[in-house]
Amino acid sequence: MVASLAQPGGNVTGLSVQSTDLAGKRLEILREALPNLRRSAVIANVSYPASLLEIGQVRVAAGKLGVDVEVLDIRRAEDIAPAFEALKSAAQALFVCPDATINANHARINTLALGARLPPMHGFREYVEASGLISYGPNYPDLYRRAADYVDKILRGAKPADLPVEQPTKFVLVINLVTARALGLTVPPTLLAIADEVIE
């Protein structure tokens, strides 16, 4: 969509959410929460290009952490339940790659994950409120405020091509202890100490 982050060109600019760039960090956090993690399922819509990039980053991080990954491909809501049924591995967690289908069905995914005893890791705080275990991602209210600054600049005559695409500067780690207790997990105190929010 843009020529580069620094010089977007054309008539497009804005803020990135760095979803693919944060995939490795999210897996590291999941591993910190589950020190014995050796195998994780990854649920994603592999027809969505951003999900493919994120899966690639998860695989790189997983290789460094000694974690095997199995991808559950879903392309429509009807694929979600069969994907869980087809999961033959002894996965110990679920890494969720967001896209429109997954976003619209996050509560159902969490329910199926918990039924399969798979602690879910998300990129959005709201999905942890809906029984996910952990989320790590950009602080969206901060991004919205910064987006308003861009709108103001453009309305005052700045050209989008001259405004760099900005990266997030604030990130939020949220842990749901209700979900942890339901799964019989003890979240390490070191991780709880750095969390921005703990849901009890």
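In the predicted model, the residues Ser51, Glu54, Ile55, Val58, Ala61 and Ala62 of helix α2 are buried. These residues lie on the same side of α2, because the arc they cover around the axis is only 130°. The face of α2 that is turned away from the buried side carries exposed residues, namely Pro49, Leu53, Gly63 and Lys64. Among the elements that cover the buried residues of α2 are helix α1 (23-33) and the strands β1, β2 and β3.

The length of α2 was also examined. Helix α2 comprises 17 residues (residues 49-65), which at 1.5 Å a residue should span 24 Å, and the distance of 25 Å between its end C-alpha atoms agrees with this expectation. The helix is followed by glycine 66, which has a positive phi, near 75°.

The strands β1, β2 and β3, which contribute to the cover of α2, belong to an open sheet of seven strands, arranged in the order β2-β1-β3-β4-β5-β6-β7 with mixed pairing. At the edges of this sheet stand β2 (68-73) and β7 (197-199), each of which pairs on one side only, and from one strand to the next the twist averages 20°. In general, strands of a sheet pair through backbone hydrogen bonds, either parallel or antiparallel. The parallel sense is found between β1 (residues 39-44) and β3 (residues 93-96), which pair over four bridges, and serine 40 stands opposite alanine 93 in β3.

How values were computed: Residues numbered from 1 in each chain as written. Predicted model: local features only at pLDDT ≥ 70, side-chain atom pairs only at ≥ 80, totals over all residues. Heavy atoms only, no water. Pairing = 2+ DSSP bridges. Helix = DSSP H or I, 4+ residues; strand = E, 2+ residues; numbered from the N terminus. Axes fitted to C-alpha atoms, helices over the stretch in contact; angles between N-to-C directions. Expected span 1.5 Å × (residues − 1). Buried < 20%, exposed > 50% of the residue type's maximum accessible area, 1.4 Å probe, protein only. Arc of directions from axis to C-beta. Contact = heavy atoms within 4.5 Å.
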